[in-house]
Number of protein chains: 2
Amino acid sequence: MQIYIHQTHHTIADFDEIFSHLKGLAKEDSFAGNIHIFPELYLTGYPLQDLCLQKDFIDGYLKLCGEINKWWAKQKIKVPTALLIGGLDYKFSDDGLVENIENVVFELSTNKKELTKLYTKCLLPSYDIFDEMKYFRPGKGACVWNFADKSFGLLICEDMWHSDQYEVDPIEMLRERASNEPIHGIINFSASPFHLGKENSRIQRAKEFFDVFGVPFYYVNRVGSEDEIIFDGASFVFHDAKVTTKGMSFRSDTLSADILENAQSPKKDKVPKTKHSWETLFAPRLEIKKNSVEINELTDEDCELTLHALNLGIQDYAKKAHMNKFLVALSGGMDSALVLTLLKLFLKEGQEVEAVYMPGQFSATLSWDISAKLCENLGIPLKTLPIKFFHSSVRNQFRETFEEMTGLADENIQSRLRGAMIYARSNQTGAMVLNTSNKSELAVGYSTLYGDSVGALSVLGDLYKSEVYTLAKYINKKFGEIIPNEVIQRPPSAELREGQEDQQSLPPYSVLDAILEGHLSYRYSIEDLVKMGLPSDDVQKVVRLCNISEYKRYQFCPVIKIKAKSFGFGRRIPICKSF
Amino acid sequence: MQIYIHQTHHTIADFDEIFSHLKGLAKEDSFAGNIHIFPELYLTGYPLQDLCLQKDFIDGYLKLCGEINKWWAKQKIKVPTALLIGGLDYKFSDDGLVENIENVVFELSTNKKELTKLYTKCLLPSYDIFDEMKYFRPGKGACVWNFADKSFGLLICEDMWHSDQYEVDPIEMLRERASNEPIHGIINFSASPFHLGKENSRIQRAKEFFDVFGVPFYYVNRVGSEDEIIFDGASFVFHDAKVTTKGMSFRSDTLSADILENAQSPKKDKVPKTKHSWETLFAPRLEIKKNSVEINELTDEDCELTLHALNLGIQDYAKKAHMNKFLVALSGGMDSALVLTLLKLFLKEGQEVEAVYMPGQFSATLSWDISAKLCENLGIPLKTLPIKFFHSSVRNQFRETFEEMTGLADENIQSRLRGAMIYARSNQTGAMVLNTSNKSELAVGYSTLYGDSVGALSVLGDLYKSEVYTLAKYINKKFGEIIPNEVIQRPPSAELREGQEDQQSLPPYSVLDAILEGHLSYRYSIEDLVKMGLPSDDVQKVVRLCNISEYKRYQFCPVIKIKAKSFGFGRRIPICKSF
């Protein structure tokens with residue numbers, strides 16, 4: 001008997017797909033005689049948000065459970081076989097309303113006729129992107145599951161990350177249970193979002209379990225991209241001080257792993273608590289040097305993970321939105337060049353991509369040259385749609401109705417005309433528009449609402465400008481010079497007025513990004529940042545810009561999350577406030 | 001000695017303003033010798049979301065507390081005087097990080113040298129727009145506060161709404177405490193969001209308390225609009241089976257109320273629990289008749305409350321964004337006419353409003369006539385900016401770059417050119433653009449992203465189309481025929497193609513709105529709605545449109561919340577899902 005780890009990749013609430021997947025597994029040779037484990041909320045997908053309260057969803061889910069039970073009753077399996085399946089346990093009140101919901105693991109096995117609740121998740125994460133206390137009722141007890149002479153401790157995702165933040169300690173409860181009732185392994189059922197560095201933390205934590213329990217730690221995680229959140233899979237088994245088997249990152253996979261011959265009793269030591277407070281989780285990626293503060297550069301490994309995470313984010317969105325065409329507006333700058341390159345690198349068969357260059361009055365010839373060269377390198381036809389004629393006719397009409405269009409109005413209208421045109425093309429062809437803003441711009445509000453901020457999905461919105469360059473250089477190193485060197489070397493500009501350059505009104509990107517990382521991730525105050533050695537004027541300006549541009553981010557599309565702290569659902573700041 | 005109820009209206013985190021307010025009160029004759037009560041989180045504002053974790057905020061808040069303590073130490077008040085002040089109690093770990101936060105009531109009195117924690121909120125609402133479990137740690141005990149021979153039970157907002165959803169019962173704990181230690185009254189410190197019908201529920205609930213405790217129920221609520229949430233004030237005192245005094249709705253106010261001579265012991269009956277489940281709170285405003293299902297019409301009282309709520313929403317946003325100009329794009333339709341009218345009805349001195357009419361190729365003459373007549377009625381100058389010339393030059397350029405622009409692309413580009421032009425005007429004058437979409441359109445995605453969906457704030461986004469008409473008629477009834485009858489009578493149209501009318505592709509608004517109210521508020525399934533008697537084809541179409549248009553609402557501006565269930569922060573549905 002072995003444990004099969006099913007690292008699955010399904011669309012939220014696609015009950016038909018899930019049932020087919022289960023039925024498919026049952027036909028495989030490896031099915032009978034083994035234990036099969038699936039991610040947290042395998043039966044529904046994660047995160048569900050309010051979907052789990054919608055009656056259409058609930059009806060669909062209960063129907064799926066009923067069908068699984070009927071199907072299981074008909075199976076004729078002769079050897080002990082078990083499936084441990086993540087799902088929801090609903091309690092309804094007498095009048096048929098939802099009374100409470102638990103996030104649980106069900107057993108479906110040769111011992112049981114139907115899906116049978118084994119364990120309820122005890123720790124319900126409710127920080128950052130998580131909202132589980134909003135929807136679920138926590139469990140209060142540990143579970144040791146016995147099957148065919150083997151025993152396993154069960155944990156669901158956050159349960160393995162016990163900290164002072166929580167009052168219930170599922171790990172300690174499990175340790176106590178296992179002291180009386182020795183176990184062969186611990187299984188953690190996860191739906192654990194990706195961010196850079198996350199995989200190492202999981203493995204480190206598994207080691208802490210191993211050190212106390214002395215049994216294999218089976219970690220199963222889902223795959224997929226849900227709006228902004230990426231689930232990376234990377235399931236693993238940790239035993240004897242090392243990872244003994246590991247699933248792929250960012251795609252579905254199945255692993256098999258051995259089960260210990262003899263059950264073990266845990267040591268008397270407790271598994272150390274994690275420092276799971278808001279702040280320690282979001283420790284900034286900063287290096288404080290003698291005369292400067294610098295943001296940690298992305299390593300090659302970070303870049304590689306980022307490429308695959310962004311690819312999954314784009315492809316999953318497109319798949320779920322039933323789109324197989326993409327549209328990118330090229331400006332001749334770094335961000336749009338990187339988005340187009342990323343897209344092309346991972347384009348699937350049957351998918352199409354179109355690049356559009358929309359020069360205005362202030363666009364440099366170099367912008368055209370770069371766009372043309374990039375598209376040639378990538379083998380993507382480039383379409384050119386000049387906006388300067390609209391721009392002047394808009395100016396004329398504006399003058400006639402109101403007055404001369406000047407300053408910011410005259411700058412932003414160019415960006416908005418581009419936004420309107422790229423969406424006209426999108427409406428015409430059904431292509432998905434990818435947004436090209438980076439995290440630095442988003443943070444300080446250096447984008448035009450309804451202009452360059454348009455798009456269905458933000459690809460680079462969790463990468464600072466300096467990281468955009470690092471990623472571009474990594475791609476060129478890995479794949480040859482796809483992204484023209486000229487775009488890496490030219491100073492960034494929105495080209496909305498004569499001679500405009502980003503650095504005229506912002507600190508150098510190295511300083512800007514360090515301020516932002518400290519302010520956004522660790523929520524450092526202005527005073528803290530200045531004490532660390534960052535220039536006071538810059539810090540004040542940047543934090544102020546960040547505070548007053550919340551209204552733009554409110555209307556921004558989902559940002560593919562790469563870091564522990566990203567814009568979007570995990571960062572909620574009121575628009576209207578006093579500073 | 002009396003109780004002074006301070007129904008305050010301050011900007012979130014405006015610590016200077018709050019300190020000034022306190023110092024101002026202390027100079028008034030009514031200050032010394034009385035008890036002063038303030039809303040929940042008076043010292044910070046509510047809701048704070050992640051602000052309460054930002055170090056700049058925390059530093060500012062702790063500085064305020066320090067200043068209040070210093071100031072209080074210098075006061076020389078000879079008679080017993082007390083302030084009960086809502087604020088946050090932070091605990092930091094050894095390394096200076098936030099360990100936990102409590103939502104508390106402080107006492108500042110002639111008995112205490114400084115702000116002293118009295119009571120921690122026990123029930124932390126985490127449904128709909130609320131997220132308190134994300135930020136705060138709950139209290140676990142009741143508080144009877146004794147001061148100058150008087151005793152009061154204290155509750156913070158949600159504490160008065162105990163239901164099965166919660167495991168701790170602060171009301172029952174208070175009843176037990178008060179059984180041993182009779183009290184003179186109960187004080188509830190609230191930051192309670194407005195929605196239609198909310199005030200009655202509060203008073204009903206106060207009656208339930210009175211029936212058991214037999215003492216006055218002092219209810220103090222804040223005023224203000226925070227992004228989408230309106231706090232209506234409407235503080236009151238309930239005693240002897242009636243409201244004995246009541247504060248104004250939607251503006252700051254101060255009430256004074258007597259204190260009972262003799263303390264009372266509560267009855268042995270428990271205060272009934274509320275049915276506070278997700279579903280019962282959001283019971284739909286529907287009337288199920290023999291052959292039809294109809295949405296409950298807004299009553300005159302609802303209309304009056306709605307007018308004032310919308311006014312507060314607009315004015316507070318403008319004030320906090322430091323804007324004193326407004327801009328409305330008139331289409332000749334009902335929604336924009338109502339927004340402009342609402343705005344003008346409550347315009348303050350020094351504020352300006354501009355209306356812009358942007359006719360396109362398919363705009364009817366009637367649209368111009370209506371816009372002109374409305375602006376004449378309101379005394380607002382109307383500017384006309386035709387888009388048909390841009391529209392044709394855009395078509396020409398599109399043809400040259402790609403192909404003939406057709407269908408949806410050709411419809412939406414008109415709306416997006418209008419969006420770009422209204423924002424050009426906004427950039428030029430610094431005026432705030434008000435969005436004019438209604439809840440029915442938003443629900444089914446009948447608006448153009450970056451087109452008519454633009455704006456800083458949505459005024460009508462929580463009113464169905466049928467309710468928009470009701471409100472318009474109410475205004476005309478109350479103020480004379482301001483809104484031209486022609487716009488009330490003409491069939492709604494986006495005028496983006498020849499002869500387009502909304503009802504060609506949607507069910508009649510009465511049916512559409514009933515389906516939406518059932519689906520959105522109560523989360524009824526398609527099956528439920530059909531069983532109620534709504535047409536099956538319409539139900540399927542509308543629910544489907546609602547499901548697939550989530551991506552548009554994701555990028556929509558804040559909607560002023562009028563109903564128990566509105567779009568925005570209180571309704572979170574994944575964009576990508578299987579249905």
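Visitor: Where is B:Pro47 placed?
Guide: B:Pro47 is in the loop between strand E2 (35–37) and H2 of chain B. Helices (H or I, at least four residues) and strands (E, at least two) are DSSP runs, numbered from the N terminus. Before going on: this is a predicted model, where local features need pLDDT of at least 70, side-chain atom pairs count only at pLDDT 80 or more, and totals for chains, interfaces and linings use all residues. Residues are numbered from 1 along each chain as its sequence is written, chains are lettered from A and ligands numbered from 1 in the order in which they are written, and side-chain values use heavy atoms, with hydrogens and water left out.

Visitor: Cis or trans, the bond between B:Tyr46 and B:Pro47?
Guide: The bond is cis, with omega about -5 degrees. In chain A, the peptide bond from A:Tyr46 to A:Pro47 is cis too, omega being near -5 degrees. A:Pro47 sits in the loop between E2 and H2 of chain A. For background, most residues other than glycine have a negative phi, and most peptide bonds are trans.

Visitor: What is phi of B:Leu41?
Guide: Near 50 degrees, which is positive in a residue other than glycine. B:Leu41 is in the loop between E2 and H2 of chain B. With a relative accessible area of 1%, B:Leu41 is buried; that word stands for under 20% relative accessible area, with exposed over 50% and partly exposed in between (1.4 Å probe, protein chains only).

Visitor: And what about phi of B:Glu495?
Guide: Phi of B:Glu495 is also positive, near 50 degrees. That residue lies in the loop between helix H14 (485–489) and helix H15 (502–505) of chain B. B:Glu495 is buried, at a relative accessible area of 11%.

Visitor: Changing topic: how many salt bridges are there over all chains?
Guide: The search of the whole structure finds 80. A salt bridge here is a side-chain nitrogen of Lys or Arg within 4 Å of a carboxyl oxygen of Asp or Glu.

Visitor: Which residue does B:Arg523 pair with?
Guide: B:Arg523 forms a salt bridge with A:Asp50, and the closest N and O atoms are 3.8 Å apart. B:Arg523 is in the loop between helix H16 (509–521) and helix H17 (526–531) of chain B, while A:Asp50 is in the loop between strand E2 (35–37) and helix H2 (55–74) of chain A, so the pair joins two chains.

Visitor: Are those two buried or exposed?
Guide: Both B:Arg523 and A:Asp50 are buried.

Visitor: What does A:Asp232 pair with?
Guide: A:Asp232 has a salt bridge to A:Arg202, with 3.0 Å between the closest N and O atoms. Since A:Asp232 is in strand E11 (residues 229–232) and A:Arg202 in helix H5 (residues 198–213) of chain A, the pair ties together parts 30 residues apart in sequence. A:Asp232 counts as buried at 2% relative accessibility, and A:Arg202 counts as buried at 0%.

Visitor: Where do B:Asp316 and B:Lys320 lie?
Guide: Both are in helix H7 (residues 300–320) of chain B, four residues apart, about one turn of the helix.

Visitor: Where does A:Leu534 lie?
Guide: A:Leu534 is in the loop between helix H17 (526–531) and helix H18 (536–548) of chain A. A:Leu534 is buried, with a relative accessible area of 5%. Not counting residues up to four places away in sequence, A:Leu534 touches A:Val293, A:Val511 and A:Ile515, among others.

Visitor: Last, how many helices and strands does chain A have?
Guide: Chain A has 19 helices and 21 strands. Of its 579 residues, 65% count as buried. The C-alpha trace of chain A spans about 80 × 55 × 55 Å along its principal axes.

Definitions and conventions. Contact means heavy atoms within 4.5 Å.
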